[in-house]
Amino acid sequence: MGEPDRNARLRERRRRRRRQIRIRRTVALGVLLALGAGIALGARAVGGGDKTAAPASSRARKPAAHKRPTRVIPDEIRGVHVTMATASLPGRLQRYLSIPGLNAIELDVKDENGHVGPGTYYDVKRAVRDVHSHGGYLIGRVVTFEDPVLSEKRPELAVHNSDGSVWHNNAGLGWTNPYDRRVWAYNVGIAAAAAKAGFDEIQFDYVRFPSDGDLSQIRYPGPHPQAMRWTIPAFVQYAAHRLHPLGAKVSVDVFGLSATRDLGIGQLPRRVSNYVDAVYPMVYPSHYNPGEYGIDLPDDRPGLVVSRSLVDFQRALEGRKTRLTPWLQDFSLGRTYTLQDVQLQIAAAQQNHTNGFLLWNPEGVYTTAALAR
């Protein structure tokens, strides 16, 4: 071969070496943050999904060593969200588990502030043991691309402003770059640690591009190998490839209108449903604008809003084996929500043949009577 070919090969080797170094640095940060939160995982657990992280034979064997029996999913999920701060309070998780009719807990593993919960906020082994001893199904929430911690510590992984500084949304929170596979490796590494600790399902939230703030200023550093609408499905496929061999189910949270129209943030339920076990649309009636679905005031018609949104999701997931489990509103915004408001949403979910429901209240205070069968 001629000298130009030799030089090209050398350049390619250097390029690959630089990429490996970047990935290892991201992996190292993930290890430090996760270990600081008390999750026992090594560098390979955080970065093992990347093809440059380990020899092929090691990658093929590693997941099997941690595989555990898959728990049976309830025919009808009836659960609530629990923050890591709430789970840190003595006896609080047990109080949720004692609610009549409740059979599932969604617990923060990594939240929208970029914090990793196990260890720092709660004992992961005890949480897993408590939920399973009550016969409950444990879902770990991993907030993905909104991450004020990683975006500030590693600004090269962040979404940028046009001047190169770290971009922030309306709440002042930084986002990581959904195109960057180092960000993928970091989040899936944390998810894998939770799966190995015994979480039955990993649910990725904020698995999208930014939707609020000055979007006109956003710049995504590095290569953009595919459009937004293909980037999010590609991430979900990557995550499922890493997590399914560990015995964990994989799911995503999506906006309640994402099956009705393309929201321009990469969330297309039909596409992501190719790779996940469940889709959880957030169909909170208070979040819909007047006139949506032909309803003058959606917040005053909670059952109808949920029903019309779920009809679109059923259509989007037609022919798939993917579970459909909506997030329902159990909080007050604009007006006081009552037991009847929650029950109307639950009835709409049941009438549209979903696989149950999860209730959301940011303060963790739930209408327990709504969970009773």
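**Entry 1: two helices side by side**

I began with a term: an axis here is a line fitted to C-alpha atoms, for helices over the stretch in contact, and angles run from 0 to 180 degrees between N-to-C directions. I also noted that this is a predicted model.

With that settled, I looked up helix α8, residues 181–197, and helix α9, residues 228–243. Their axes come within 10 Å and cross at roughly 35 degrees. I wrote down the hand too: α8 passes α9 in a right-handed crossing.

Which residues meet there? From α8 I listed Trp 184, Ala 185, Val 188, Ala 191, Ala 192 and Ala 195. Across from them, α9 brings Thr 231, Ala 234, Phe 235, Tyr 238, Ala 239, Arg 242 and Leu 243. Sorted by class, this contact has 11 nonpolar, 1 polar and 1 charged residues.

**Entry 2: Asn 187, also in α8**

I stayed in helix α8 and picked out Asn 187. Is Asn 187 buried or exposed? I found a relative accessible area of 0%, so Asn 187 is buried. Leaving out residues up to four places away in sequence, I saw that Asn 187 touches Lys 110, Val 142, Val 143 and Thr 144.

Next I turned to helix α6, residues 124–133. Its buried residues include Val 124, Ala 127, Val 128, Asp 130 and Val 131. Why do they lie on the same side of α6? They cover an arc of only 165 degrees around the axis, and that puts them on the same side.

I then followed the buried residues of α6 to their partners, and they pack against α5 (92–97), β2 (104–110), β3 (137–143) and α8. On the face turned away from the buried side I found the exposed residues Lys 125 and Ser 133.

At the start, a side-chain oxygen of Asp 123 reaches to within 3.0 Å of the backbone nitrogen of Lys 125. After the helix comes Gly 135, with a positive phi near 75 degrees.

**Entry 3: Thr 86**

Thr 86 was my next stop, in helix α4, residues 84–87. The cut-off for buried is under 20% relative accessible area. Thr 86 has 10% relative accessibility, so I put it down as buried. Its side chain and that of Thr 83 are joined by a polar contact of 2.8 Å. Not counting residues up to four places away in sequence, Thr 86 touches Arg 92 and Tyr 96.

Most residues other than glycine have a negative phi. With this in mind, I looked up two residues that are not glycine.

Tyr 206 has a positive phi of about 50 degrees. I found Tyr 206 in the loop between β4 (201–205) and α9.

His 353 has a positive phi of about 55 degrees. Where does His 353 sit? I traced His 353 to the loop between α12 (339–351) and β9 (356–360). His 353 is exposed, with a relative accessible area of 67%.

**Entry 4: the whole chain**

Of its 373 residues, 55% are buried. Among the contacts with a separation of 6 or more, 78% are between residues 24 or more positions apart.

Definitions and conventions. Residues are numbered from 1 along each chain as its sequence is written. This is a predicted model: local features need pLDDT of at least 70, side-chain atom pairs count only at pLDDT 80 or more; totals for chains, interfaces and linings use all residues. Side-chain values use heavy atoms; hydrogens and water are left out. Helices (H or I, at least four residues) and strands (E, at least two) are DSSP runs, numbered from the N terminus. A crossing is left-handed if the near helix is turned anticlockwise from the far one by less than a right angle, and right-handed if clockwise. Contact means heavy atoms within 4.5 Å. Ala, Val, Leu, Ile, Met, Phe, Trp, Tyr, Cys and Pro count as nonpolar, Asp, Glu, Lys and Arg as charged, and the others, Gly among them, as polar. Buried means under 20% relative accessible area, exposed over 50%, partly exposed in between (1.4 Å probe, protein chains only). The arc is that of the directions from the helix axis to the C-beta atoms. A polar contact is a pair of N or O atoms within 3.5 Å; within protein, one must be able to donate a hydrogen and the other to accept it, and residues adjacent in sequence count only if both atoms are side-chain atoms.
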